[in-house]
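Let's take a walk through this protein together, one piece at a time. Have the sequence and the 3D view open as you read.

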Amino acid sequence: MSLVSVAQATDLLDQGEVVALPTETVYGLAGKINDESALKKIFSTKARPFFDPLIVHVKNLEQAKDYAHWDKFSLKLAERFWPGPLTLVLPKKNNVSDFITHGGPTVALRQPHHPLFLQILNKLDSPLAAPSANKFGQTSPTSALHVEEEFNSLVSVVDGGECSAGIESTVVEYIQNENKLRILRPGVISPTEILSELKKWDKKIQVEVVRAENSPGNLKNHYQPQVPFFLLYGFHSSSIPPNLIDQMSQTAGNPIKLWTLDLSPEIAARNLYKNLREFSRNQQPIYLVVQKNWGNDLWESLLDRLNKAAHFIVTANAESWKIESK
Ligand code: TXA
Ligand code: MG
């Protein structure tokens with residue numbers, strides 16, 4: 001593995017290279033936003049299409065103000081949740097490259113919480129664009145080892161341990177003329193937490209979770225493991241019909257195994273991508289049973305990831321079931 005120190009990473013980034021860095025959510029593949037060749041390297045390394053815009057990581061709120069036009073509510077959210085796993089989409093200023101935004105009028109900004117990432121940002125003359133450090137569409141990495149699995153030794157990595165949150169930041173955009181905050185990607189910070197902060201400043205403001213197709217780069221298939229993954233709705237883990245298990249195993253080409261998540265959503269999130277990578281490594285096809293109480297908050301974000309990561313959705317009918325390939 002090509003592990004590098006904070007000082008080495010800073011030098012490499014300064015020279016226009018890309019380096020994988022730890023954040024509190026997932027590892028990011030970072031490059032300086034004022035260096036177009038670094039931005040191109042991010043896309044080519046990940047094999048990422050240009051239509052998927054990048055998040056710009058800033059050292060603080062002051063720096064973020066150089067790149068976007070801020071409204072009052074986005075500012076309140078940044079003051080409350082930064083540094084941390086909240087990404088704010090704002091009207092961009094002219095100094096933001098079209099490579100970052102795919103020529104769009106807005107830019108996504110966040111101040112990450114990881115101390116090593118912040119140390120590096122504080123030494124550089126530019127913020128860092130950093131998508132998750134995985135090949136496009138694959139499972140996001142939550143450790144330096146995962147980054148190595150993705151890119152072998154082609155990418156230098158700063159090892160900052162396992163990511164504490166384990167899934168990506170919440171992406172939000174305030175829509176002025178509707179007085180509404182849209183959640184474009186559910187993530188670590190829940191709609192309830194966001195709404196309770198905003199209500200302090202405006203009792204009438206609304207928070208709306210929008211569906212994937214309205215957010216650029218939000219795809220139906222994402223995070224998928226290298227082994228068949230079945231997601232089951234309407235079943236009890238303890239009483240899965242044996243015929244269904246046989247049918248899933250046959251489809252998978254190998255005996256299938258039940259995957260259960262921790263009862264604590266925080267722990268489940270921390271282990272989510274790690275578990276998916278372990279199943280891929282062990283060639284172990286899996287099924288997971290969605291629980292009735294998973295509609296809210298962090299569970300909702302986990303369900304978003306599970307639905308995208310699954311290859312098959314299985315739903316229970318009165319007497320039988322339906323398996324749909326995604
Ligand atoms: O937690 C995270 O956000 C991680 C760490 C590394 O910071 N980063 C991350 O980046 O998840 P990425 O590239 O995998 O996902 C960024 C998503 C895009 O897919 C897109 O949906 C959204 O952020 N995004 C970026 N710019 C946007 C914009 N201008 N408007 C709407 N959505 C945007
Ligand atoms: Mg990603």
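Which residues in α4 meet which residues in α8? Keep in mind that what you're looking at is a predicted model. On the α4 side you'll find F73, K76, L77, R80 and F81, and their partners in α8 are E193, I194, E197 and L198. Sorted by class, this contact has five nonpolar residues, no polar ones and four charged ones. As for how the two helices sit, α4 and α8 (residues 191–199) pack at an angle of about 120°, and their axes are 10 Å apart. The crossing of α4 and α8 is right-handed.

L77 and I194 are among the residues with the most contacts inside the largest nonpolar core, along with W82, L86 and L109. That core has 43 residues, and helix α4 (residues 72–81) is its top contributor, giving four residues. Click on I194 and look around: leaving out residues up to four places away in sequence, I194 touches L77, F81, L86, T170, V172, L181, I183, I189 and V207. There's also another core, lying apart from the largest one, with 26 residues, including Y223, L261, L276 and L302.

Helix α10 (residues 265–281) and helix α11 (residues 297–309) pack with their axes 9 Å apart, at an angle of about 15°. Angles under 35 degrees count as roughly parallel, so α10 is roughly parallel to α11. Their crossing is left-handed.

While you're at α11, stop at D297. D297 sits in helix α11 and has a positive phi of about 50°, although it isn't a glycine. Why is that worth a second look? Because most residues other than glycine have a negative phi. D297 counts as partly exposed because its relative accessible area is 31%, and that class lies between the 20% and 50% cut-offs. N179 is another non-glycine with a positive phi, about 45° in this case, and you'll find N179 in the loop between β8 (170–175) and β9 (180–185).

Most peptide bonds are trans. The one from W82 to P83, though, is cis, with omega near -10°. P83 lies in the loop between α4 and β4 (86–91).

Last stop: the pair formed by α1 and α6. V6, A9, T10 and L13 in α1 meet L116, Q119, I120 and K123 in α6, and by class these residues are five nonpolar, two polar and one charged. Helix α6 (residues 115–123) packs with α1 at an angle of about 45°, with the axes 10 Å apart, so α1 is oblique to α6. The crossing of this pair is right-handed. Look at Q8 as well, which is in helix α1 (residues 6–14). Q8 counts as partly exposed because its relative accessibility is 42%.

Conventions. Residues are numbered from 1 along each chain as its sequence is written. Chains are lettered from A and ligands numbered from 1 in the order in which they are written. This is a predicted model: local features need pLDDT of at least 70, side-chain atom pairs count only at pLDDT 80 or more; totals for chains, interfaces and linings use all residues. Side-chain values use heavy atoms; hydrogens and water are left out. A nonpolar core is a set of buried Ala, Val, Leu, Ile, Met, Phe, Trp, Tyr and Cys residues joined through side-chain atoms within 4.5 Å. Buried means under 20% relative accessible area, exposed over 50%, partly exposed in between (1.4 Å probe, protein chains only). Contact means heavy atoms within 4.5 Å. Axes are lines fitted to C-alpha atoms, for helices over the stretch in contact, and angles run from 0 to 180 degrees between N-to-C directions. Angles under 35 degrees count as roughly parallel, over 145 as roughly antiparallel, 65 to 115 as roughly perpendicular and the rest as oblique. A crossing is left-handed if the near helix is turned anticlockwise from the far one by less than a right angle, and right-handed if clockwise. Ala, Val, Leu, Ile, Met, Phe, Trp, Tyr, Cys and Pro count as nonpolar, Asp, Glu, Lys and Arg as charged, and the others, Gly among them, as polar.
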